[in-house]
Amino acid sequence: MLKAGKSARRAVFPCTTTGLVLAQGLARWNTPNISRLQLFLPLAHSYHDSAEYGHFQTPQMPSQKYSAEELANRQHNANLVMLADAYRRYGHLSSNLDPLGIQKPGLIEELSARMYGLKDESTQYNIDGIVTPSSKLPPNSSLSSIIEVLQRTYCRNISYEFDHITSLAIRKWFAEYVESMDASPTPPRYERFHELLAKTEVIETFLQKKLPNVKRYGLEGSESIVVLIDQIIYEGAQLGISDVVAGLTHRGRVSILSTLFNYPKDELLRKITGGSEFADDSPHTGDIILDVPKLTTIQYSDIDSPVNVEVMWNACHLESGMPVSMGKSRTKDIGISRSKMDPDYIIGDNVLSVSLHGDSGFAGQGIVAESLSMSGLAHFTNGGTIHIINNNQVGYTTPPSHTRTTRYASDIAKFADIPVIHVNGEHPEEVARAARIAVAYRQRFRKDVIIDMWSFRKRGHNEMDEPSFTQPTMYKIINARKSIPTQFEDKLISKGLLSKNKADTVRQEWLNSLNEAYIASAECRPAGPEQSHVWKLLSRSGSRPIEKTTGVDENTLYQTGVDSVKQSENIKVHPRIERFHIKPRLKRLQDGQGIDWATAEAMAFGTLLREGYNIRLSGQDVGRGTFSHRHAMFVCQESEQMYVPLNHMEDCKQQQTQQGKLEVVNSNLCEEAVVGFEYGVSTEDPFTLAIWEAQFGDFYNNSQAIVDGYIASGETKWGQQSGLVMLLPHGSCRIERHLMLSNDPVDGRTHSHPLPNIYVTYPTTPAQFFHLLRRQVKRNFRKPLIVAGPKTLLRLSSASSSLSEMGPGTQFRPVLDDSTISDPQMIKRVIIMSGKLYYDLAKIKDEHMLGEHVAIVRVEEISPFPREELYQTISQYTNASDFVWVQEEPRNAGSYSFVAPRIKGLLPAHAELRYIGRGEHAATCSGVEAQQTAEHLQLTSEAFSGLRGLVADMVINNINTQHSQAPARASLPLDKPSATMIPASAHHRWSSRPVYAAAQSSEQ
Ligand SMILES: Cc1ncc(C[n+]2csc(CCOP(=O)(O)OP(=O)(O)O)c2C)c(N)n1
C-alpha cells in the first residue's frame, strides 16, 4: 500500500518565499558593482508583502546550473545540443496527436540531424548534460539510438511545449522528467482504465437509446477524459493530496459524474428525465443537468488515504467557472493547512484543482486569460491548477480554423509560462502518462499546467444536432471508426491483459445497474442540496434567520481604531500618511465623534478580526484605497515591505487570543476573473468575510456574467450560499442591475421565503457601513451584499458618525427617518430617497428652514425592501399627502423602478408617488460637468418646490448666489406643468436631457 502524506509530498523540495528573493534583490540595491538588469528585476516587483498574511511559501527552484563536466561536454558536442533542443522545441509539430488522423504529423526540417552537421548515425556520443540518460539510453549512445529516444519522447502520441518557459531551471527539469520516463514508466492501471472507459461507453449508449431526445452533450469520442481525471487524482493522492476541486464543463458531465464521481444513478436519471436533484420540499429551483455539483470521496485500494472530491457547480457561460474553482481550492487548501497547523505548509499541499475546458471555450473566452494571468499571483495562487482541454476539434459547429488564430487551443497559456502536454486521446496509456507528468510538475512547482487531450465528438454539439451539415468530412471519418473504449478493450484482450469474459461482465453489470436505476428513478427522493461540513453550521437558505446586534463596546472600538493605524518600528510610513491619515484618525477616535468612512471600516474589520473571523479584501489598489482613504497597508518608505497594522493587534498577542487575519489583496487589473475567484472564496469559507471592491462602481459590470450566473443565482440553483460583499464606490454603480436580480417580491416576503437572494444597500453613514460589514458574518446565514457609494461621503464631515452609533445595542437600520422633525403632523411632503443625495437635500432643507414641512427619509437597504420599517416611518406623517422619490440617476437607472411599486403599496389610499429626477438617458451621467451640475441643481430644487411658496428657481438662485462659480442655469418653466411627469423646458440649454418634476402648484 502506498503511503500518502507529508513525507510523500516532501518528495518535492525545500521552500522559499518570493519575499526572501525580493529582500535579497533589494539588498543588492546598495551593492555598487551590479548590472542594471539585476537592479531592475527585484524592483519591478515592489512593493512586497511576503511577511503579511496570505503570502504563502512556494517551492524552491531546482538548480539551473550544468556541472563543469556537463558544460564541457555540451561545448564539445554543440551539434548534438542543437538537435536535442530542436526536439524539445519542435517535436510536437511532428507528433501524432489527432485520433481522426486529419491533422497529420509534420515533416519538420529542424528535427533533421543533418541540419546540425550530424551525419553518421553510428557515431557514439557522450550524452552527459545533453540528453537525459535512461534505461533505454546509456551515457554513451549512438546517434541513431539518441534520435530514436528523442523521437519516442517528443514525437509520438504525446508531446510537449515547454520551451517558452523563461526559467531555465524549469525547462531543464521538464526535459529531464519526460526523457527519463522510459526508465520509470507509469505502470498502466489497465483494469481501472478499462472499467472507466467501458462504463462511459455503456452509459452514453444507454442514454442514447433510452432517452434519444435528451441533450446530454455526451463524452463519446473523448471518453479518455475519465481516465485522465482518475489518473490525476490517483497520482495526487500518492503525493499527499487529500482534496480535489474539480471544475467540469457541460461536455460529458453526465458520464463523468456517474462513472467517476459516484453520482447516484437513479438520481441522475431522475434529473435527466425532468425531476429535481433536490428534496421535494427544497426551496431551491435546481439547475440543468450540465451544471449540477457533487461532493464525493474516492478511495483507491492501494493508497491508504481517501480523496475528497468537490465537483463544482457550473454556470453555462463557458469558462466562467475557472476562477471560481481557483478561489475555492485556494481557500480550501488554506483552511486545511490551518486546521493542521503545519509550519512547513506550502500552498497547494492538500488541495489539487483540476479544471476541464473545451477547446473553443478555452481559446475564445477572455476570462481564461484573466484567470491564467492571476494564477501565479501571491494572493490568488492555489498551488497550481491542472487544466485539461477536451480538444474535440470543433466548437458547436465551428472548426478550429475559425475559433482561434493560434495553432493550438492551449496557446493562450504560454504567456503565463505554463507548460503544455499534448496527448492523443485515442491512447489511454499515454493519457495516463500525461496525468503523471502534470501532477509531478504541479507538485514540484505549484504552478498551472495544461493537458491538451485531442479527441473528437461522435455526435453533434448535442445529440439532436446533425454535425454533417457543417463537418461532412470529419463525420465520415468518425462514423467509420471504432469507439476508443472498444478499441482499447480489444487491444487489452489481444495482448492478454484482459479476458473477454471480464470485459463483458464489466459492461453487463453496469448496464444492469443503469436499467435498475432507471426504474428506481421514478421513486427516488434525493436529499440534496449537499453541503460541506462547515456550511452545516449555518441555517440553510436563511429559513430561520437570526440577526445579532452588531454594535461593539466603545473601548474596543477605540482600541481597534488606534490599532488600525499603529506603526511598526520596522516600517517607515510616508510623512503625509502620518499627517493626513494617522493623526486625524487618532484625533477623531479621541473625540469619539466625526468618525469617517475609512475609520468605521477599519473598526468593522478589526473587531471582526478580534472575534476570530478572517477577512479577505480584494480588488484593484484596495490596500491604499482608490481614493487614498483606506491605508489598510503601509508601505515602508525604505524597504518597500508592506505592513497591515490590523494583523498585529498588540493586545490580541498579549492575551494570546486567536485573532483572525486580514488578507489585503491588491488584485490584477481585471474584474470578471477576480470577482469569480472571490465568489469561490466566499462559498468555501463562510467565516471569512470575502470582500471585492470595484475601483469605480460601474466597472463591476465586466463581471456581470459572474454576478448573474453565480452571485445572484447560486443559492437558488445549487443551494450554495455566499456572503460575498461587493463594494461599489462611486454613485453610478448601476444599482438598478443588482435590483433587477433581486427576487424580493413586490408584494412582500412570505414565511417560506423570508429572505431575497441578494442584499442591495446604499448606506449614508459610516456607522451604517460598519454594521453592514459586521452583520455579514454575524448572521446565521449568508447572502451576497452589494454596497453602493460613496466616494463623496468618504470625507464629508456631515456624513460622519460617533462611536456611540456603533456601540452596544446598535445595528444596521434599513430605513433612516428624518431626525430633524419635531412635529410629524406638520409634514406635508415626504421625500423618500437613497444614498449620498441625502446630504444635498438636507442642506437645502436646512438653508430654507423647511424642517416643519418636509421629511427626508432614507432607504438604506433597498433589497430586501424594508416594507415594515418604511411603513412605520412614513405612517407617522399622518398629514402628509405628497410622497416623492428623488434620485440622481437617470429615470431608467437607479432604484426608482424597483422601489416605486413597493412604496406605492405602502402609501395612503389615493396617494401617488411622484418621481423627481433626470429623464431617461443612455449614459449614466453627462460628461459635461456644467450640464451635470445644472441638472443636479434642478432636481434637488424640484424636491422642495411648492413648499412654503418656494419655487425651484428660488432654490437654485439661492444656491447659485452661494456658489457664484457654479454655472449659470437656464430658466426652467416649472410654473406650467403639463403632466404628472413634465420634461424640463425646451428652452433649457440641456433640453436633450429632460429633468422630470411632478405636476405641482405653488399654493401647496
Ligand atoms: C459565453 C458563452 N457563449 C456561448 C455559449 C454557447 N455554447 C455552448 S457550448 C459551445 C461550444 C463550446 O465548444 P468547446 O469549448 O470546444 O466545447 P465542446 O462543446 O466542444 O466540448 C457554445 C458556443 C456559452 N455556453 N457560453
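## A charged pair

Let's start with one side chain in this predicted model. The side chain of arginine 918 makes a polar contact with the side chain of glutamate 935, at 2.6 Å. Arginine 918 belongs to strand β26, which covers residues 913–918.

Is arginine 918 buried or exposed? Its relative accessibility is 2%, and because buried means under 20%, arginine 918 counts as buried. Another glutamate to look for is glutamate 889: 29 residues separate it from arginine 918 in sequence, while their C-alpha atoms are 6.6 Å apart in space.

## Two nonpolar cores

Next, look for the nonpolar cores. The largest one has 100 residues, and those with the most contacts inside it are Ile232, Ile256, Phe261 and Ile421. Helix α16 (residues 428–445) supplies the largest share of this core, with 10 residues. A second, separate core has 66 residues, including Phe781, Leu794, Phe812 and Leu841.

You can pick out isoleucine 421 and explore its surroundings. Beyond its neighbours within four places in sequence, isoleucine 421 is in contact with residues including Ile158, Tyr160, Phe174, Ala434, Ile437 and Asp452.

## A pair of crossing helices

Two packed helices are described by the angle and the distance between their axes. For helix α21 (residues 575–591) and helix α22 (residues 597–610), the axes come within 11 Å and cross at roughly 75°. Angles of 65 to 115 degrees count as roughly perpendicular, so α21 is roughly perpendicular to α22.

Which residues of α21 and α22 make the contact? From α21 come Arg585, Arg588 and Leu589, and from α22 come Ala598, Thr599, Ala602 and Met603. Sorted by kind, the residues of this contact are 4 nonpolar, 1 polar and 2 charged.

Definitions and conventions: Residues are numbered from 1 along each chain as its sequence is written. This is a predicted model: local features need pLDDT of at least 70, side-chain atom pairs count only at pLDDT 80 or more; totals for chains, interfaces and linings use all residues. Side-chain values use heavy atoms; hydrogens and water are left out. A nonpolar core is a set of buried Ala, Val, Leu, Ile, Met, Phe, Trp, Tyr and Cys residues joined through side-chain atoms within 4.5 Å. Buried means under 20% relative accessible area, exposed over 50%, partly exposed in between (1.4 Å probe, protein chains only). Helices (H or I, at least four residues) and strands (E, at least two) are DSSP runs, numbered from the N terminus. Contact means heavy atoms within 4.5 Å. Axes are lines fitted to C-alpha atoms, for helices over the stretch in contact, and angles run from 0 to 180 degrees between N-to-C directions. Angles under 35 degrees count as roughly parallel, over 145 as roughly antiparallel, 65 to 115 as roughly perpendicular and the rest as oblique. Ala, Val, Leu, Ile, Met, Phe, Trp, Tyr, Cys and Pro count as nonpolar, Asp, Glu, Lys and Arg as charged, and the others, Gly among them, as polar. A polar contact is a pair of N or O atoms within 3.5 Å; within protein, one must be able to donate a hydrogen and the other to accept it, and residues adjacent in sequence count only if both atoms are side-chain atoms.
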